[in-house]
Amino acid sequence: FAVDPAWIKVATHLIHYEDIVAENKDSDENVGALSVLRVLAEHLGISPELSDDDIRSVDHELMTLPIPGDQSTKFWHFHARRG
């Protein structure tokens, strides 16, 4: 198939691990996974429609998805954040 630069621009987004696990316990500011979700929403052009509560709801839904049991994986202690 032919490469579509417009689609690649939308479908490609770089997220750094450090951004996902970032913490700021002294602030209510969206950091870590919440800030990554906000930036992703901005990238997709849907950010204006999403409130902070919407972002938290998406985070909760993602973090409470069932973990597939039929795959080989390694669960480290920091994977315990589940909703």
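What follows is a chat about a predicted model of one protein chain.

Visitor: What's the mean pLDDT of the chain?
Guide: The mean is 80, and 75% of the residues reach 70 or more; pLDDT is the predictor's confidence in each residue, from 0 to 100. In the chain, confidence is highest in helix 3, at a mean of 91, and lowest in helix 1, at 86.

Visitor: And how many helices and strands?
Guide: Four helices and zero strands, giving the pattern α-α-α-α along the sequence. Helices (H or I, at least four residues) and strands (E, at least two) are DSSP runs, numbered from the N terminus.

Visitor: How much of the chain is buried?
Guide: Of its 83 residues, 14% count as buried. Buried means under 20% relative accessible area, exposed means over 50%, and partly exposed is in between (1.4 Å probe, protein chains only).

Visitor: OK, salt bridges. How many?
Guide: The count comes to two, taking a salt bridge as a side-chain nitrogen of Lys or Arg within 4 Å of a carboxyl oxygen of Asp or Glu. One pairs Arg 38 with Asp 52, with the closest N and O atoms 3.2 Å apart. Arg 38 lies in helix 3 and Asp 52 in helix 4, so this pair ties together parts that are 14 residues apart in sequence.

Visitor: Is Arg 38 buried or exposed?
Guide: Arg 38 is buried, because its relative accessible area is 15%.

Visitor: What else does Arg 38 touch?
Guide: Leaving out residues up to four places away in sequence, Arg 38 touches Ser 47, Leu 50, Ser 51, Asp 52 and Ile 55; contact means heavy atoms within 4.5 Å. The Arg 38 side chain makes a polar contact with the side chain of Ser 47 at 3.2 Å. A polar atom of that Arg 38 side chain also lies 2.9 Å from the backbone oxygen of Leu 50. For the term itself, a polar contact is a pair of N or O atoms within 3.5 Å; within protein, one must be able to donate a hydrogen and the other to accept it, and residues adjacent in sequence count only if both atoms are side-chain atoms.

Visitor: And where's the other salt bridge?
Guide: Asp 53 pairs with Arg 56, with the closest N and O atoms 3.4 Å apart. Both lie in helix 4, three residues apart, about one turn of the helix. Asp 53 is exposed at 57% relative accessibility, while Arg 56 is partly exposed at 36%.

Visitor: Switching topic: which residues form the nonpolar patch on the surface?
Guide: Val 3, Trp 7, Ile 8, Val 10, Leu 44 and Ile 46, with about 590 Å² of accessible area together. Patches are made of residues with over 30% relative accessible area and no salt bridge, joining like charges within 9 Å and nonpolar side chains (Val, Leu, Ile, Met, Phe, Trp, Tyr) within 5 Å. Accessible areas come from the Shrake-Rupley method with a 1.4 Å probe, and for residues only the protein chains shown count as cover.

Visitor: Which helix gives the largest share?
Guide: Helix 1 (residues 5–11), with three residues. Leu 44 lies in helix 3 (residues 33–44) and is partly exposed, at 45%.

Definitions and conventions: Residues are numbered from 1 along each chain as its sequence is written. Side-chain values use heavy atoms; hydrogens and water are left out.
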